[in-house]
Amino acid sequence: MSETTSRFVVSADWVEKQLGTSGFKVVDASWYLPAHKRDAKDEYAAGHLPGAVFFDQDAIADHATGLPHSLPSPEFFAAEVGKLGISETDTIVVYDGMGFFSAPRVWWMLRTMGAKDVYVLDGGLDGWKAEGRALETGTATPTPAVFKPKFRADKVIPFETMREIVDDGSAQIADARGAGRFTGEEAEPRAGMRSGHMPGARSLPATSLSANGRFKDVATLKTMISDAGIDLSKPVVTSCGSGVTAAVIMLALESVGHDDNALYDGSWSEWGSRQDTPVATGLAEAIKA
């Protein structure tokens with residue numbers, strides 16, 4: 001693996017060599033927006049990496065929040081992931097269809113719950129298929145395992161803390177949504193939600209951090225983060241529409257050696273739907289020095 005590559009991103013060649021070895025687990029974390037016109041479960045059944053289990057981000061979630069796929073309790077997470085045959089001591093590779101859309105969210109969840117050796121497949125399932133690599137069909141029936149959670153609460157930001165951060169500027173805010181949604185020029189895909197961003201936030205679209213399903217090299221990531229107005233010597237909180245692509249920025253931050261970061265799990269689904277939260281529009285906050 002090249003020194004310029006993220007230490008959390010692994011190649012299809014490497015994964016192919018590890019398949020079937022003891023303690024090596026592969027997770028299909030595909031999840032799509034309606035605009036993608038793709039069905040993750042159907043695609044999984046039609047063809048997935050050999051031995052891969054399907055991680056349903058809508059099911060393995062806290063359903064009491066009223067928000068989409070919120071992070072569940074460590075106990076619920078551990079029970080569900082254990083059913084998938086995964087232990088916190090395993091070497092785990094997570095992938096999605098496109099490469100770096102929903103897989104980083106599950107990479108972040110697993111690490112936040114205590115797993116240490118967690119990686120994301122470069123190129124995703126689309127890249128794997130394009131290279132003609134082996135696939136399995138149907139649904140996996142893994143042998144249950146025990147996942148012992150060690151929850152890292154410092155990696156998750158609840159609403160009350162996010163409100164304080166916006167008010168006092170104690171951490172930088174990196175927004176992973178597209179530029180049009182950040183500025184407020186594009187409507188939010190969820191009905192009844194205001195457009196714009198949290199005051200003081202910086203725009204760093206998750207889609208810009210990869211190209212053709214491949215994650216950008218560490219030097220490029222550093223430049224992009226800096227160009228977005230984010231100081232890597234200070235804490236960063238990531239946000240997006242519903243907490244999924246915010247994890248792509250987390251992956252980029254960790255890849256360049258920044259570990260003082262956390263994810264605002266409610267993200268814009270929570271902030272933008274409330275009437276008591278400040279909202280900024282335009283690019284002024286994004287480019288202010």
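Contact here means heavy atoms within 4.5 Å. Keep that in mind for the next minute. One caution as well: this is a predicted model.

Let's start with two helices. H8 covers residues 218-227, and H9 covers residues 246-255. Which residues of H8 and H9 meet? From H8, we have Val 218, Leu 221 and Ile 225. From H9, we have Ala 252, Leu 253 and Ser 255. Sort the residues of this contact by type, and you get 5 nonpolar, 1 polar and no charged.

Now the geometry. The axes of H8 and H9 come within 9 Å. They cross at roughly 115 degrees. Angles of 65 to 115 degrees count as roughly perpendicular, so H8 and H9 are roughly perpendicular to each other. Their crossing is left-handed.

How many cavities of 30 Å³ or more does the count give? The count comes to 1. The largest cavity has a volume of about 60 Å³.

Who lines the largest cavity? Trp 107, Trp 108, Arg 111 and Thr 112 are on the list. Arg 152 and Lys 155 are there too. Met 250, Glu 254 and Asn 261 complete the lining.

Which helices each supply at least two residues of that lining? Helix H4, residues 103-112, does, and so does H9. The largest share comes from H4, with 4 residues. By type, the lining of the largest cavity divides into 3 nonpolar, 2 polar and 4 charged.

Terms used:
Residues numbered from 1 in each chain as written. Predicted model: local features only at pLDDT ≥ 70, side-chain atom pairs only at ≥ 80, totals over all residues. Heavy atoms only, no water. Axes fitted to C-alpha atoms, helices over the stretch in contact; angles between N-to-C directions. Parallel < 35°, antiparallel > 145°, perpendicular 65-115°, else oblique. Left-handed = near helix turned anticlockwise from the far one by under 90°. Nonpolar A, V, L, I, M, F, W, Y, C, P; charged D, E, K, R; others polar. 1 Å grid on protein atoms, 1.4 Å probe; cavity = no way out; pocket = protein on both sides within 12 Å on 5 of 7 lines; lining within 4 Å. Points joined across faces, edges and corners; volume = space filled by probe spheres on them.
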